[in-house]
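Subject: The model you asked about

Hi there,

Here is the structure, ready for you to open next to your notes. Have a look first, and then read on for what turned up in it.

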Amino acid sequence: WGSKNNQFYIVYQPVVNAQTLRISGVEVLMRWRHPVVGEIPPDVFINLAETQQMIVPLTHHLLALIASDAAVLKRILPRGVKLGLNISPAHLQADSFRDDMLRFAAALPADHFHVVLEVTERAMIDKEKSMANFAWLHRQGFEIAIDDFGTGHSALIYLERYNFDYLKIDRGFVQAIGTETVTSPVLDAVLTLSRRLKLMTVAEGVETQEQAEWLRGQGVHFLQGYWISRPLSLAGLVAAHDEPANYFTTR
Ligand code: C2E
Ligand code: CA
Ligand code: CA
């Protein structure tokens, strides 16, 4: 860490409305290009950052990078666009968490972005604290998405107990769509429960039209994946806006 030659940067992956296929948000993803070994997969360095107690400073850096992109993002993205950020469990528990979020929101242009914090079930180990934080976030106008749902230790009970705005369907389920195997009964259960609980759903890792159509048919609200766009640098997103890419046009 710390060396000036280490290059952290961010990319933005478009998320579209499943009906109109127009952009409704972007997820911000962190990247690390090491001067010697090259690109390190985020799963690897995020894990490392978490075990080395570096995830909070790293996320501060990410928030500063977004803030410095914000004027350009405002120009190319529609008003009300959702800005999805991945927040580590350790950060949610940190003393600085609320101040960090307020400072970040204050660094964005007013009334343009809706910040959505993406958390995993690991964030909910301390139930009291996470519930208090989620309630506070809602009062401050942030939204919350439960990420990677259906993997790891997720329990359906979390959906009822916590007041999430969005559920992100893990790409493992999405990638099973259209293969010979029958669709996952777990995915069916998650979709049914989301409808009952009036949760908005986002499918991740959508790579084919077939997957997109199936998901849309199931009433999934938003789609994200290579079929729409890979994660893009800010310059790449500006180019997609100027060309324009399909998801920036009216269909
Ligand atoms: P995630 O939050 O589930 O992010 C979505 C991942 O799916 C991203 O991988 C994205 O590039 C990938 N993806 C998107 N569309 C497709 C597709 O159509 N097919 C396939 N095969 N993959 C697709 P990425 O960027 O490698 O990030 C991996 C994980 O690293 C993220 O998973 C997230 O858990 C973590 N991560 C990334 N950036 C941050 C960050 O800033 N903070 C924290 N705490 N975690 C981060
Ligand atoms: Ca995520
Ligand atoms: Ca995910």
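**What turned up**

Let me begin with one contact: the side chains of Glu118 and Lys168 are joined by a polar contact of 2.9 Å (a polar contact is a pair of N or O atoms within 3.5 Å; within protein, one must be able to donate a hydrogen and the other to accept it, and residues adjacent in sequence count only if both atoms are side-chain atoms). Glu118 sits in strand S5 and counts as buried, because its relative accessibility is 6%. Buried stands for under 20% relative accessible area, exposed for over 50%, and partly exposed for what lies in between, with a 1.4 Å probe and protein chains only. Helices (H or I, at least four residues) and strands (E, at least two) are DSSP runs, numbered from the N terminus.

Before you go further, please note that this is a predicted model, in which local features need pLDDT of at least 70 and side-chain atom pairs count only at pLDDT 80 or more, while totals for chains, interfaces and linings use all residues. Residues are numbered from 1 along each chain as its sequence is written, chains are lettered from A and ligands numbered from 1 in the order in which they are written, and side-chain values use heavy atoms, leaving out hydrogens and water.

Which residues hold the calcium ion that is ligand 2? Glu27 (OE), Asn86 (OD1), Glu118 (OE) and Asp147 (OD) coordinate this ion, at 2.1 to 2.3 Å. Donors here are N, O and S atoms within 2.8 Å of the metal (3.2 Å for Na, K and Ca), and water is not among the atoms, so sites may look incomplete. Along the sequence, the donor residues of ligand 2 are spaced E-x58-N-x31-E-x28-D. Distant parts of the chain are linked in this way: Asn86 belongs to strand S4 (residues 81-86) and Asp147 to strand S6 (residues 143-149), 61 residues apart. Asn86 is partly exposed, because its relative accessibility is 31%, whereas Asp147 is buried at 5%.

The other calcium ion, ligand 3, is coordinated by Asp147 (OD), Asp148 (OD) and Glu204, which is listed with two OE entries, at 2.2 to 2.6 Å. Its donors follow the spacing D-D-x55-E along the chain. Here too, distant parts of the chain are linked: Asp147 is in strand S6, and Glu204 is in the loop between strand S8 (200-203) and helix H9 (209-217), 57 residues apart. Glu204 is buried, with a relative accessible area of 8%.

How far apart are the two calcium ions? They are 4.1 Å apart, and Asp147 coordinates both.

**Ligand 1**

Asp147 turns up again at ligand 1, where an N or O atom of its side chain is 3.1 Å from an oxygen atom of the ligand. The backbone of Tyr226 also takes part, with a polar atom 2.8 Å from an oxygen atom of ligand 1. Ser88 has a polar side-chain atom 3.2 Å from a nitrogen atom of ligand 1. Taken alone, ligand 1 exposes 800 Å², and the protein buries 87% of that (areas by the Shrake-Rupley method with a 1.4 Å probe; for residues, only the protein chains shown count as cover).

**The strands behind the sites**

S6 is largely enclosed by the rest of the structure, because five of its seven residues are buried. S4 is mostly covered, with five of its six residues buried.

How do these strands pair? Two strands pair if DSSP finds at least two bridges between them.

- S2 (residues 23-34) and S4 are parallel, over three bridges; Val26 has Leu83 in S4 as its bridge partner.
- S4 and S5 run parallel and are joined by six bridges; Val81 is partnered with Phe113 in S5.
- S5 (residues 113-119) and S6 run parallel, with four bridges; Val116 is partnered with Glu143 in S6.
- S6 and S7 (residues 166-169) run parallel, with three bridges; Phe149 stands opposite Ile169 in S7.
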